[in-house]
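Biologist: Could you walk me through this structure? I have not looked at it before, so please take it slowly.

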Amino acid sequence: MKTRYPTAFVLNVIAPDRPGIVAAVSKAVNAFDGNVDSCSQTVLAGYFTLIMVLSFPQPVEPEQLNDAIMGLAVDPSELGIHICRYTDQSPGAKWMEGENFVITVSGADRDGIVLRFADYLADKGININDLYGMTQGDQFILVGQVSIPGRCDVRSLQADLEQLAKEIGHTIRLQHENIFVAINQLRLPHAGGKTAR
Amino acid sequence: MLRTDEILSTIEMLHAEYLDVRTVTLGLNIDDCASEDAGRMCRKVADKIRSRACGLVEACDRIGNKYGIRVVNKRLAISPAATLLAGHGAQAAMALAESLDQAAEAVNINLVGGFSALVHKGMTPADEVLIDSLPAVLSRTQRLCASVNVATRHAGINMDAVRRMGEQILAIAHASADAKGFGAAKLVVFANMPEDNPFMAGAYLGAGEPEAVINVGVSGPGVVSSALRRRIELEPGLSLGDLAEEIKITAFRVTRVGELIGREVAGELGVPMGIVDLSLAPTPQVGDSVGEILEVLGVDRIGAPGSTAIIAMLNDAVKKGGAFASSSIGGLSGAFIPVCEDASLARAAAAGYLSLEKLEAMTSVCSVGLDMIPIPGDTPAETIAAIIADEMAIGVINNKTTAVRLIPVPGAKVGDIVEFGGLFGSAPVMQIRNPGASGRFVRFGGRIPGPIQSLGN
């Protein structure tokens, strides 16, 4: 992704949630005449987290940006900030190539569920693009959106994952994202590139 | 990115509410297999099916697996077999039927449709050969389905053919008496038979269709009744308009799934994607019933007053949702009410809620007709023909497809429960009121002319 201005950062903020955190960050960006190029924010169990790609027309140091945000925050002591340089040549982008699949896991809550599946996916070179987990009573539900490279065989991945889930009495499903697009959205499911089989 | 709630609700639909793809049907033209030599004709047909359909089941299973959705049936619909039988006799008809049966088995396809003749305005000698062969063919083959079109909006109703089909339905049932007349369940008599219907037993590949094509039948009624039940529980006080909207949204979803799977299978097999058939096709499985939808929508049992209005609303809402989801809607596209194949209908028939006359009334507002209905085995052929004529008239006048699939059960009387097993289910033998009272009408023969509405040019 190309940013509007040449000096670009990735900003990550974590804090107990309260109104005004995004406003404080935006004011700080504005103070340096910067631009928010991209952002994603969520609140999980009362905790706020934000990731933003920011760019500035003139050189700005990460420390200056950090101090500006802290200066504008209602309670700076609760704010965790991490800033790194952004490049559109990030090696991370290549891991999102392939076809998008959705993994859903459900079963009794216990230690090590995420580890069990994440470890397997990492071993196969499968990237997790989005991950969401929640507890419902004594049940834990995990939903992951992953990119499966064209070299992978979906059936054997499904068989392996089913075996991993079975060992702890869980149910797992690995399905191409187009089924979810077709059922829920008005956009047309796209064919994608190299077909994972 | 997808939203988590979209993912979770989809998982619920797929795995708890029976969202599936009912059938992926490969249409295949076999006209090029014609030969003066019956043996050669049969070999060509078998070879063509083996070469063109061999990848169907594997492709459906693999693609279904990729999306986590089941393709329940993989089937084959051929161009009308009567065309191949031109110049041939009874022996060739039987040999062709056996070849089709064996070829279907060889490619692991459970049913093949298209042992068909179109006789709405008159019969060729080949049509007669095919129709005469039906008792032997349908009692001796396992996978073959037959259909005969006896009426169209344009031509009217060929009453000679109707009379003949009344006799043949009875003959088929008696030829398969050891299977409770089940041979008759593999024959459909149609008005306005669609060329691209993927559902058995009436599937065939009609004139104007490509050499090969994939047609898809979408998921069944279980998804609709679950969606309605959930909505009613969440929001008491909903009106029928709100519920029609819910049906529409659900139909949109299931149609999109059908289209997605169909296009991918077609791509894999290198044939064009034809149509998505929106029909809600029930199975005897509990929770997968059109009758249950009517119960959710407020009648104690299907057949009670109000049933015709509800099924009209259901049928219309399904079409509206489906038409937005796909530009290639075709086939029958309505709600099926097959008595044996729908546990709720069978229960309603046993409890006296559902009569043949009420079924006939409902078929005037939904597809497809008097379907999978066991009747007494001693019902006169002329009475069966007259029932066919009534149903054909509904199709011809209303410019829709109607059909009759009655199963005279040899030795059975009204109320006896007949079990066909598996997807074909079970039902009580239904009463035919006034049997034997229509003979004079049927014996007039000839053709009931096409209605004035057919003169549209």
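**Pockets, cavities and a few residues**

Modeller: In this predicted model, the lining of the second largest pocket is made up, by class, of 20 nonpolar, six polar and six charged residues.

Biologist: Which residues lie closest to the centre of that second largest pocket?

Modeller: The pocket has 32 lining residues, and those closest to its centre are B:R75, B:M200, B:E341, B:R405 and B:F424. Its volume comes to about 510 Å³.

Biologist: What is the peptide bond from B:M200 to B:A201 like, cis or trans?

Modeller: That bond is cis, with an omega near 10°, and B:A201 sits in the loop that runs between β6 and β7 (212–217) of chain B. B:M200 has already come up, as one of the residues closest to the centre of the second largest pocket.

Biologist: OK, now the largest pocket. How much space lies in it?

Modeller: The largest pocket holds about 1,100 Å³. It is lined by 34 residues, of which A:S40, A:I51, A:N129, A:D130 and B:M1 are the closest to its centre.

Biologist: Which parts of chain A go into that lining?

Modeller: Strands β1 (7–16), β2 (35–44), β3 (47–56) and β6 (127–136) of chain A each supply at least two residues. In terms of domains, at least three residues are drawn from each of domain 1 (7–85) and domain 2 (94–184) of chain A. By class, the lining of this pocket has 17 nonpolar, 14 polar and three charged residues.

Biologist: How far apart are the centres of those two domains?

Modeller: Going by C-alpha centres, domain 1 and domain 2 of chain A are 31 Å apart. The whole chain, again by its C-alpha atoms, fills a box of roughly 55 × 40 × 35 Å along the principal axes.

Biologist: What about secondary structure in chain A, how many helices and strands?

Modeller: Chain A has five helices and eight strands, and their order from the N terminus is β-α-β-β-α-β-β-α-β-β-α-β-α. Of its 197 residues, 40% are buried. Among contacts in chain A with a separation of 6 or more, 72% are between residues 24 or more positions apart.

Biologist: Switching topic, is A:E63 buried or exposed?

Modeller: A:E63, which lies in helix α2 (residues 62–72) of chain A, is exposed because its relative accessible area is 51%, and the cut-off for that class is over 50%. Between A:E63 and A:E97 there are 34 residues in sequence and 34 Å in space, from C-alpha to C-alpha.

Biologist: Where in chain A is the largest cavity, I mean which elements line it?

Modeller: The search of the whole structure finds two cavities of 30 Å³ or more, and the largest has about 100 Å³ of space. Its lining includes A:A15, A:P16, A:R18 and A:L79, and the elements giving two or more residues to it are β1 and α1 (21–31) of chain A.

Biologist: And the second largest cavity, what classes of residue line it?

Modeller: The second largest cavity, with a volume of about 80 Å³, is lined by 10 nonpolar residues, one polar residue and no charged residues. Helix α3(A) gives the largest share of this lining, four residues.

Biologist: Back to chain B. Why would you call α14(B) largely enclosed?

Modeller: Helix α14(B) has 18 residues and 13 of them are buried, so the rest of the structure largely encloses it.

Methods
Residues are numbered from 1 along each chain as its sequence is written. Chains are lettered from A and ligands numbered from 1 in the order in which they are written. This is a predicted model: local features need pLDDT of at least 70, side-chain atom pairs count only at pLDDT 80 or more; totals for chains, interfaces and linings use all residues. Side-chain values use heavy atoms; hydrogens and water are left out. On a 1 Å grid over the protein atoms alone, a cavity is a set of points where a 1.4 Å probe fits but cannot get out, and a pocket is an open set with protein on both sides within 12 Å along at least five of seven lines; lining residues have an atom within 4 Å of a point. Grid points are joined across faces, edges and corners, and a volume is the space filled by probe spheres set on the points. Ala, Val, Leu, Ile, Met, Phe, Trp, Tyr, Cys and Pro count as nonpolar, Asp, Glu, Lys and Arg as charged, and the others, Gly among them, as polar. Domain bounds come from an automatic or database domain assignment. Buried means under 20% relative accessible area, exposed over 50%, partly exposed in between (1.4 Å probe, protein chains only). Contact means heavy atoms within 4.5 Å.
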